[in-house]
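This report describes a ligand shell, a helix and a set of paired strands. The sequence and structure come first.

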Amino acid sequence: MTVPPDLSARIDALADLLTAQGDLAPNSRWRTALAKVPRHLFAPAIGQADPDRTGAERYPIDRDTDPGTWWAAVYDDASIITQYDDGAGRVADGRGIPTSSLSAPGVVITFLELLDVHAGHRVLDVGTGTGWTAGLLSWRVGADQVTTIEIDPGLAAQAARNLKAAGFSPRLVIGDGLAGYAEAAPYDRVHCTCAIAAVPYAWVEQTRPGGRIVAPYQPGFGWGHKLVLDVLGDGTASGRFPSGAGYMMARAHRRPRLPADEWVQHGGPVEVSRTRLDPRAVAYGPPAADLAISAHVPGVQCRAFSDPAGSGEVTVWLLDNRGPGGSWASVDYEPGAGEYTVEQAGERRLWDETQAAYLWWLRTGRPARDRFGLTVTPTGEHFWLDTPENVIKR
Ligand SMILES: C[S@@+](CC[C@H](N)C(=O)[O-])C[C@H]1O[C@@H](n2cnc3c(N)ncnc32)[C@H](O)[C@@H]1O
């Protein structure tokens, strides 16, 4: 690999961009880390760059045939997709479901800042990918303090090579990070870079009192949220959602994104009713409303389909496909109509539950995302508003 002569200027420009965006504090140690753990050592020769923050399209990058584009993408605030379909797809084709990436620098640094990690801390890094976050953490706390765990053996092998080239040798485990890694516990920090639909209790058990867990939390309704939990020493962990995050789901927490016509196979007899709530308000609501719905309606997923013919009609689908039976609901929005048809089937009345949750959010004064919190206990997790005592009842 021929390194461009202006590499340090590129790294400085990236750091300046992240500072301007508010991701990197001006005097943060992570600014130095960007130079000491250069991202290009963790980028594959062929990838798909995804500057999702700017809304620009994904584009292929190839270090050998077009090094200019490759280097520009590596030192931009873009994620780089490194795997499709758990390795069954070809990265060069850019088709399939992305299943691993070198995360975008902005969100990586934001999570590392939230982790509040210090020299000497023992850290568990879940979702190694090609190894960049494990390298950054190794630089910060010492590689002998870092355990990084990746479920995919092929990616773990790439990470081992990349980390070695960068001069770091943390403990690299192939396995399911949702179980933590008890052999190296207790940890001061757990840093997860695949999204979770619920917090694995093993992480709480394996973290010291006063320790911290950060993860992208994507319970199923709408986009995702950054979650920051403090481990409290009484068998629980509790914390808030400071801002948004969209990550690839941890393998065991993936839910099939079924086409709508397959959803209706769940559930048995269909109950038909009417609603006056515009279902688009629910489907396209702000992240705080998504969180309110997730808090009240566990397991619900939502998809909305606009009529491709341009009539303005939208069908909003809700699904809970956990368990053998499952439940679904659909609501048909028609422009100009005062009421909309609702169909519901299965054990749950998902539209009724979701509508009630959305109206609770409005009645409560539209609380912002950072007023919500989550407490994790040995028996499960529950949401709260403003203070842990103010539990949101399901
Ligand atoms: C978005 S990539 C993050 C890679 C890297 N840490 C970074 O931020 O650049 C998420 C990684 O999590 C891995 N992963 C998914 N489920 C996992 C699990 N249960 N345990 C460990 N790793 C998992 C995926 O294979 C993927 O490599």
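## The shell around the ligand

The residues of the shell around the ligand comprise 13 nonpolar, 10 polar and 4 charged. Here Ala, Val, Leu, Ile, Met, Phe, Trp, Tyr, Cys and Pro count as nonpolar, Asp, Glu, Lys and Arg as charged, and the others, Gly among them, as polar. The model is a predicted one: local features need pLDDT of at least 70, side-chain atom pairs count only at pLDDT 80 or more, and totals for chains, interfaces and linings use all residues. Residues are numbered from 1 along each chain as its sequence is written.

In total, 27 residues surround the ligand, and the closest are Ser100, Ser103, Gly127, Gly129 and Gly177. A residue is near a molecule if its C-beta atom, placed from the backbone, lies within 6 Å of it. Two or more residues each come from β4 (98-102), α5 (132-141) and β6 (146-150); the largest share, 4 residues, is that of β4. Helices (H or I, at least four residues) and strands (E, at least two) are DSSP runs, numbered from the N terminus.

## Helix α4

Of the 11 residues in α4 (residues 105-115), 8 are buried, meaning that 20 or more other C-beta atoms, placed from the backbone, lie within 10 Å of a residue's own. Among them are Val107, Ile109, Phe111 and Leu115. After α4 comes Asp116, with a positive phi near 55°.

## Strand β14

In β14 (residues 314-320), 6 of 7 residues are buried. Strand β14 pairs in the antiparallel sense with β13 (residues 301-306) over 6 bridges, where pairing requires at least two DSSP bridges. Val316 in β14 is the bridge partner of Ala304. Strand β14 also pairs with β15 (residues 327-333), in the antiparallel sense over 7 bridges.

Terms used
A residue is buried if 20 or more other C-beta atoms lie within 10 Å of its own, exposed if 12 or fewer, and partly exposed in between; C-beta atoms are placed from the backbone.
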